[in-house]
Amino acid sequence: MRNYVLKKIGLGIILLFCVSFFVFSMIYLMPGDPVTIMAGQLAKPENLEALRHEYGLDRPLLVQYVDWITGIMHGDFGISYKYRIPVWDMVSTRIPISLKLTVITMIIQYAIAVPAGLYCAFKKDKAFDRITVNTSLVLTAVPSFWLSVLLILGFAVGLGWFPASGFETWKHYVLPITAGVLSGLASTIRLTKSEAIDVLNEKYVTTAYAKGLPERRVLTRHVLRNSLIVITVNLFMSLPWLISGYMIIERIFGIPGMGNLMLSSIIQQDFNVVQAIILIITVLTVICNILSDIVLGFLDPRIRISVTGGDK
Amino acid sequence: MNQSPIKEFFTSCYKNVNFMIGFIMVLSVIVVAIFANQIAPYGYDAADPTSILLAPSGEHLFGTDNMGRDLFSRIVYGTRITLQVALIGAGLQLVIGVTLGLLSGYFGGPLDKGLTFLADLTYCIPGLIMALAVVTIIGSGLTNAIIAISIVNWASYTRMVRAKTMSIRNQAFIETGISFGESSRSIMFRYILPNIVPVIIVTVSMQLPGTIMSTTTLSFLGVGSMPPSPDWGLMVSESIDYIARGPWMCIFPGLALVYTVFGFNILGEGLRDLLDVRMKSQ
């Protein structure tokens with residue numbers, strides 16, 4: 001177990017390093033000079049040089065990287081090229097909004113998808129399963145941006161029940177969250193179902209049946225418990241993906257979350273901010289991946305052994 | 001019962017409902033794209049200031065948009081863009097993914113370790129974020145959006161091809177080939193590649209809907225196709241401002257997109273059953 005955890009954490013640190021370097025070097029791969037963007041096209045060359053020096057952009061790349069990463073460790077993401085205020089101040093107010101939306105979405109999605117998926121697995125090929133499978137097939141073909149626009153059309157413009165944009169009252173949250181839940185529902189049901197079917201095919205389930213245990217007991221004690229663990233871990237570790245998926249929904253409903261900020265920063269070429277958001281989301285993803293690997297390895301010795309090759 | 005294998009394959013295709021429905025749906029999109037000039041009554045950017053935001057009628061089947069362009073014609077021309085995305089996207093991902101997968105699976109060792117690590121790295125970054133990052137670097141536009149999506153997606157091809165290559169590279173016929181003095185390249189592309197074609201076909205068909213969807217999403221976000229392109233994602237994003245006055249502007253392009261993606265989706269499901277490739281859809 002210790003070897004497994006160490007291996008995963010070690011790999012994670014290397015990944016984090018690579019990802020952060022990739023994100024950092026993005027700014028040098030981008031078209032246009034950040035200084036020119038800051039000062040405008042008409043600035044004098046000597047002023048540009050001064051600005052470049054002020055932001056430390058005239059130093060070697062590696063020195064800048066080390067500086068940048070040390071700054072971030074202290075919560076300093078640099079200064080926005082466009083607005084000349086600390087990037088962290090811009091981003092930090094957006095994080096709670098995005099998190100709130102994604103966590104609520106995730107809970108609702110879980111509450112609907114897990115029972116549905118489990119039921120589909122138990123009653124495979126019965127009417128409910130067929131309907132769910134076919135509905136989710138159609139649902140996976142519906143892009144979330146169109147779904148959001150349709151929701152606005154139906155419930156905001158058509159029926160006038162909910163506002164189309166903003167985030168002041170609970171009513172503002174209904175449509176975005178519905179869009180978020182619906183767009184992730186199909187894949188979550190599918191994941192739950194395939195996971196539960198895997199467990200149903202396990203030998204210990206056959207054993208439980210062979211022992212003469214009643215069906216209900218086999219399902220609750222053996223199947224439900226074992227499949228739920230994996231599903232829960234998988235779902236909650238997909239949070240960063242959900243945040244990035246919410247970008248589109250935030251954009252359409254005008255919610256000032258991280259995704260919306262990133263999109264407008266891309267358009268305004270405020271690369272510092274883009275960089276910070278990409279870094280935050282990828283670091284979150286890497287951490288969630290490591291955590292889920294470790295938790296799953298804890299729960300299921302088979303995964304652990306396949307990674308460390310059998311030594312404890 | 002003594003049918004030829006090919007005939008047998010076609011009979012089983014015929015019996016597979018998913019495959020047939022998907023095939024017909026995709027075929028219809030292809031036909032529309034080929035005969036777009038004949039089908040569309042107007043040009044895709046033929047603006048008519050006298051007929052702005054007209055509701056669907058006999059003259060304008062799907063209505064007109066805010067510039068007076070016929071939506072039906074625009075959607076018909078949009079099939080070309082969608083298929084272009086599918087073709088170029090799948091092609092790019094295939095070339096990158098299959099080559100790297102073959103190299104990684106055949107040679108193993110440090111090369112394999114490095115490539116696997118790179119694949120893991122791309123799995124760490126949510127797809128949309130990475131695609132946006134790439135588009136920010138290489139610039140907007142449809143081709144660049146397709147490139148961005150391919151850079152995001154190559155890893156799943158590589159993984160699949162690598163696993164398959166590893167499983168057959170120790171078989172006797174490979175050894176025979178090596179003992180005949182075949183070069184590594186010839187072994188990879190003439191011995192291994194034909195044997196993994198079914199896996200590749202299934203992987204392509206499973207990835208295609210996602211590729212179309214992500215590229216359209218990029219167009220919707222304004223970093224893919226540029227106006228006046230009749231890209232369905234772009235059309236939906238242009239419709240938002242006129243949603244109360246012309247709801248048809250957002251409904252029809254979306255329906256076309258759902259139709260196409262759904263067609264590709266069940267075609268993929270059908271192919272997977274037909275070619276009997278065991279894959280767990282994640």
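This is a predicted model: local features need pLDDT of at least 70, side-chain atom pairs count only at pLDDT 80 or more; totals for chains, interfaces and linings use all residues.
Along the principal axes, the C-alpha atoms of chain B fill a box of roughly 75 × 55 × 30 Å. The chain has 282 residues, and 46% of them count as buried. Sequence separation gives another view of the fold. Taking the contacts in chain B between residues at least 6 apart in sequence, 71% join residues at least 24 apart.

One pair of helices shows how such parts meet. Helix H4 of chain B covers residues 71–107, and helix H10 of chain B covers residues 197–220; the two pack with their axes 9 Å apart, at an angle of about 130°. Because of that angle, H4(B) is oblique to H10(B). The crossing of H4(B) and H10(B) is right-handed. On the H4(B) side, the contact is made by Thr82(B), Val85(B), Ala86(B), Gly89(B), Ala90(B), Gln93(B), Leu94(B) and Val98(B). On the H10(B) side, the residues are Ile200(B), Val204(B), Gln207(B), Leu208(B), Thr211(B), Ile212(B) and Thr215(B). The spacing of such residues has a simple background: an α-helix has 3.6 residues a turn, so residues three or four places apart point the same way. Sorted by class, the contact of H4(B) with H10(B) has nine nonpolar residues, six polar ones and no charged ones.

Chain B also meets a partner chain. Here 33 residues of chain B are in contact with 37 residues of chain A. The elements of chain B that give two or more residues to this side are helix H5 (109–124), helix H6 (127–138), H10 and helix H12 (248–275). The largest share of the side that touches chain A comes from H12(B), which gives eight residues. By class, this side of chain B has 24 nonpolar, seven polar and two charged residues.

H12(B) can be looked at on its own. At 1.5 Å a residue, its 28 residues should span 40 Å, and the end C-alpha atoms are 40 Å apart, so the two values agree. Of the 28 residues of H12(B), 23 are buried, so this helix is largely enclosed by the rest of the structure.

Notes:
Residues are numbered from 1 along each chain as its sequence is written. Chains are lettered from A and ligands numbered from 1 in the order in which they are written. A residue is buried if 20 or more other C-beta atoms lie within 10 Å of its own, exposed if 12 or fewer, and partly exposed in between; C-beta atoms are placed from the backbone. Two residues are in contact if their C-beta atoms, placed from the backbone, lie within 7 Å. Axes are lines fitted to C-alpha atoms, for helices over the stretch in contact, and angles run from 0 to 180 degrees between N-to-C directions. Helices (H or I, at least four residues) and strands (E, at least two) are DSSP runs, numbered from the N terminus. Angles under 35 degrees count as roughly parallel, over 145 as roughly antiparallel, 65 to 115 as roughly perpendicular and the rest as oblique. A crossing is left-handed if the near helix is turned anticlockwise from the far one by less than a right angle, and right-handed if clockwise. Ala, Val, Leu, Ile, Met, Phe, Trp, Tyr, Cys and Pro count as nonpolar, Asp, Glu, Lys and Arg as charged, and the others, Gly among them, as polar. The expected span of a helix is 1.5 Å times one less than its number of residues.
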